[in-house]
Amino acid sequence: MAKAQPASEIDWNDLGFDYMDLPYRFLAHYENGKWDEGGLTEDSTLHISEGSTALHYGQADFEGLKAYRTKDGSIQLFRPDQNAKRMHNSCERLLMPAFPEDKFVEAVKAVVKANADYVPPYGTGGTLYLRPLMIGVGGNIGVHPAQEYIFTIFAMPVGAYYKGGMTPTNYVTSDYDRAAHKGTGQSKVGGNYAASLLPGDEAHKQGYSDVIYLDPVNHQTIEEVGSANFFGITKDDEFITPKSPSILPSITKFSLLWLAENRLGLKATQGVVDIDDLDKFKEAGACGTAAVISPIGSLTHHGKKHVFYSETEVGPTIKKLYDTLTGIQFGDVEAPEGWIQKVEV
């Protein structure tokens, strides 16, 4: 694997969402019942046994977060403690030893600092995307938890999700289930994403951006949008996002819930979103780390197409939410206490 080109040679305005082999990443090992101190390494290849549980039984989880360059040239993180907490919960679900949450944040900062030249300049819309990852390794073959684990964090610069500005796209409901209510839907584990590839591919072939999954019991209420969380703005100015035991607890979603109520003055709730009750929404969107917000232009269910605000223009409330949240992330809008952590370079 060739190393990434020098940061000085990168066209920051022409970045996609692609893997790059940056100079440094963090690596720690769990053996004999404890984690070692871990540290930075230049080796981008994980050396694992063919018997690793991650390969056979899916004992693996991950996270995704970003580092942002502010107008004054400094670098900051957005709520990394929440990523640490969510990964801890994912590890518990898979019987993996959670990496200590405080050391998780320290390791994230170490990776950002070591690769600081690759944090895109302010104004390009680009960010440094970080991928914490944990896998079960070692010589295993029975269906039981591994005795050894690897925790790593690597990074790459990624471009602005919307190069020409936010644009609504169209979605379709899926007959597939994303996850069972008492399964692993609330955890950020690889199996959830592997299962989503086929439904997503079928939707793309039909001309849709992605699928919207309904509840796995009755196929009646909205759960997730592809690999993102759904939300809607009602005609009564209420921000509603689905509540379900199989939905991933999105850090972006919970941030938007708070901002909708405390900065935009909306009523913000988690509740049931019935697929037959879409008329109450004037705007709808999907939210997650990559795009922050993806406006939903239309949703097709059993051949019936429902258009929200517009298929070509972004609704005003979604625009305000997007501008407020990204403003906080890039340091242009005052952040709620504890949401921003600086990286000392």
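Strand β16 spans residues 292-301, and Val-292 belongs to it. In this predicted model, Val-292 has a positive phi of about 70° although it is not a glycine. Most residues other than glycine have a negative phi. Val-292 is buried, because its relative accessibility is 7% and the cut-off for buried is under 20%. His-302 has a relative accessible area of 68%, so it counts as exposed. Val-292 is thus buried, whereas His-302 is exposed.

A positive phi also occurs after helix α6. Gly-331 follows α6, and its phi is near 85°. The helix itself has 14 residues, which should span 20 Å at 1.5 Å a residue. Its end C-alpha atoms are 20 Å apart, so the two values agree. α6 is mostly covered, with 10 of its 14 residues buried. Among the buried residues are Ile-318, Leu-321, Tyr-322, Leu-325 and Ile-328. Thr-317, Thr-324, Thr-326, Gly-327 and Gln-329 of α6 are buried as well.

Helix α3 covers residues 101-114. Its 14 residues reach 20 Å from the first C-alpha to the last, close to the 20 Å expected. Phe-104, Val-105, Ala-107, Val-108, Val-111 and Val-112 are buried in α3. They cover an arc of only 160° around the axis, so they lie on the same side of α3. Asp-102 and Glu-106 are exposed on the other side of the helix.

The largest nonpolar core has 43 residues. Val-112, Leu-130 and Phe-151 have the most contacts inside it. Two or more residues of this core come from each of β1, β5, β6 (75-78), α2 (80-93), α3, β7 (127-137) and β8. Neighbours within four places in sequence aside, Val-112 is in contact with Ala-67, Ile-75, Leu-77, Val-119, Leu-128, Leu-130 and Val-343. Another core, of 26 residues, lies apart from the largest one. Its members include Met-166, Ile-251, Ala-268 and Tyr-322.

Aromatic rings form 16 pairs in the model. One of these joins Tyr-19 and Phe-154 in an edge-to-face arrangement, at 5.9 Å centre to centre and 70° between the planes. Tyr-19 lies in the segment before β1 (25-31), and Phe-154 in strand β8 (residues 148-158). The two residues are 135 residues apart, and their pair links distant parts of the chain. Tyr-19 is partly exposed, at 39% relative accessibility. Tyr-68 and Phe-330 make another pair, with ring centres 5.1 Å apart. Their planes stand at 85°, so this pair is edge-to-face. Tyr-68 lies in strand β5 (residues 65-69), and Phe-330 in the loop between α6 (316-329) and β18 (340-343). The pair therefore ties together parts that are 262 residues apart in sequence. Both Tyr-68 and Phe-330 are buried. One aromatic cluster is formed by Phe-26, Tyr-30, Trp-35, Phe-99, Phe-104, Tyr-149 and Phe-151. Elsewhere, Lys-253 lies over the face of Phe-254, at 4.7 Å from the ring centre.

Pro-157 is found in strand β8. It is buried, with a relative accessible area of 1%. Thr-127 is 30 residues from Pro-157 along the chain, and their C-alpha atoms are separated by 5.7 Å. Leaving aside neighbours within four places in sequence, the contacts of Pro-157 include Ile-10, Trp-12, Leu-15, Met-20, Leu-22, Tyr-118, Pro-120, Thr-127 and Leu-128. Pro-245 lies in the loop between β13 (238-242) and α5 (251-262). With a relative accessible area of 47%, Pro-245 is partly exposed. Beyond its neighbours within four places in sequence, Pro-245 is in contact with His-181 and Gln-186. Pro-245 and Ile-141 are 104 residues apart in sequence, and their C-alpha atoms are 31 Å apart in space.

Conventions: Residues numbered from 1 in each chain as written. Predicted model: local features only at pLDDT ≥ 70, side-chain atom pairs only at ≥ 80, totals over all residues. Heavy atoms only, no water. Helix = DSSP H or I, 4+ residues; strand = E, 2+ residues; numbered from the N terminus. Expected span 1.5 Å × (residues − 1). Buried < 20%, exposed > 50% of the residue type's maximum accessible area, 1.4 Å probe, protein only. Arc of directions from axis to C-beta. Phe/Tyr/Trp six-rings, centres within 6.5 Å; stacked < 30°, edge-to-face > 60°. Lys NZ or Arg CZ within 6 Å of the ring centre and 35° of its normal. Contact = heavy atoms within 4.5 Å. Core = buried A, V, L, I, M, F, W, Y, C linked by side-chain atoms within 4.5 Å.
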